[in-house]
Amino acid sequence: MKLTHYTHGLGCACKIRPQNLEKVLKNLAPVIDKNVLVGTETSDDAAVYRISDELAVVQTLDFFTPVVDDPYDFGAIAAANALSDIYAMGAKPVFALNIVGFPEDTLPMETLEQILKGAQDKAAEAGIPVLGGHTVEDPEPKFGMVVTGTIHPAEILKNTGAQPGDKLVLTKPLGTGILSTGIKRGMVEDQLREMVSRQMMSLNKTAADVMKKYSVHACTDVTGFGLMGHLKEMTSGSLCDATVWYDKVPFLPEVKNLAVAGVIPGGSHNNLSFVSEYVDFGNLSRTDRLLLCDAQTSGGLLIALPAAEAERLVIDLKESGVSDACIIGEFLAKGKGIVTVQ
């Protein structure tokens, strides 16, 4: 049984096109509540609601179709992906709820049991319980979580707030969308397939804990909209232009070879279209542009902080086990949020 054969798309690459989603959200009435600290007015990773002067609740919902064939791994990856939104806000997760769509007449219930077991074990690794959830019968398997966390209102990290001179740190390499597509097509060897699964199952908890010791101005995680899509949200929300050094951006093994062979998910093509007005790719080939827009599942954190602290953060991250952390760019000056790739 291969879970990816039961879905039309893979993981976070199945998101609705960001340009279409933006149009819909713009037509909704804004929320007016003094206790809403983070809502729909920005493209942040989670909602934040103030309970008191000392406490705010952080909550996110994330679910998607299988990105790997193994049910246990799928559950663990989906849980790590949902938890990442809490970490990106600088918050501490407290508990989670499951959300399930499952074809009970097509797949054995033991498959669902393994999905839930993978998610439960990953939640336990994060130090939180799973307290329930909701299920529906669905022709495509889908799984995810609502994760609730807490934070002090003064310590919230948004994807807005980057300042001129800030360096841009990425904590995981890119390429999970392309590799997942290659895995579905049987084009990826077992050793690399296991490496990709391990990365997607890896929590951003360590990176989140380490960055709390630094003067982080903005943070997000890199998921379905790709590096350029999430960076575009950061630059436009911060009203600050930025540059990315292509040669400094880390990629998983074989990603570039697969991209040249045309193994690129539809979500990555949508992402490239989404950022076309905000990103100057210079002389990069279309393949290289798609690599930077590859739709990620459970990707790394994207952190903006003062240049004087960036190198130390990377060293600290690597010493803590986040071995792929690196500086990939910098913020330049106040502007419309244009990204230039060099």
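Guide: Begin with a cluster. In this predicted model, one aromatic cluster is made up of Phe64, Phe74 and Phe143.

Visitor: How many aromatic pairs does the structure hold?

Guide: There are four aromatic pairs. One of them joins Phe64 and Phe74, with 6.1 Å centre to centre and 45 degrees between the planes, a tilted arrangement. Phe64 belongs to strand E3 (residues 56-64) and Phe74 to helix H2 (residues 71-88); the two are ten residues apart, and the pair links distant parts of the chain.

Visitor: Are Phe64 and Phe74 buried or exposed?

Guide: Both Phe64 and Phe74 are buried.

Visitor: Why is the pair of Phe225 and Phe274 tilted?

Guide: Planes under 30 degrees apart count as stacked and over 60 as edge-to-face, with the rest tilted. The planes of Phe225 and Phe274 stand at 50 degrees, so this pair is tilted; the ring centres are 6.1 Å apart.

Visitor: Which parts does that pair tie together?

Guide: Phe225 is in the loop between strand E8 (218-221) and helix H7 (226-238), while Phe274 is in helix H9 (residues 266-274), so the pair ties together parts 49 residues apart in sequence.

Visitor: Why does Phe225 count as buried?

Guide: Buried means under 20% relative accessible area. Phe225 counts as buried because its relative accessibility is 9%. Phe274 also counts as buried, at 9% relative accessibility.

Visitor: Where does the charged end of Lys232 sit?

Guide: The charged end of Lys232 sits over the ring of Tyr278, at 4.6 Å from the ring centre.

Technical notes: Residues are numbered from 1 along each chain as its sequence is written. This is a predicted model: local features need pLDDT of at least 70, side-chain atom pairs count only at pLDDT 80 or more; totals for chains, interfaces and linings use all residues. Side-chain values use heavy atoms; hydrogens and water are left out. Rings of Phe, Tyr and Trp (its six-membered ring) pair if their centres lie within 6.5 Å; planes under 30 degrees apart count as stacked, over 60 as edge-to-face and the rest as tilted. Helices (H or I, at least four residues) and strands (E, at least two) are DSSP runs, numbered from the N terminus. Buried means under 20% relative accessible area, exposed over 50%, partly exposed in between (1.4 Å probe, protein chains only). A charge sits over a ring if NZ of Lys or CZ of Arg is within 6 Å of the ring centre and within 35 degrees of the ring normal.
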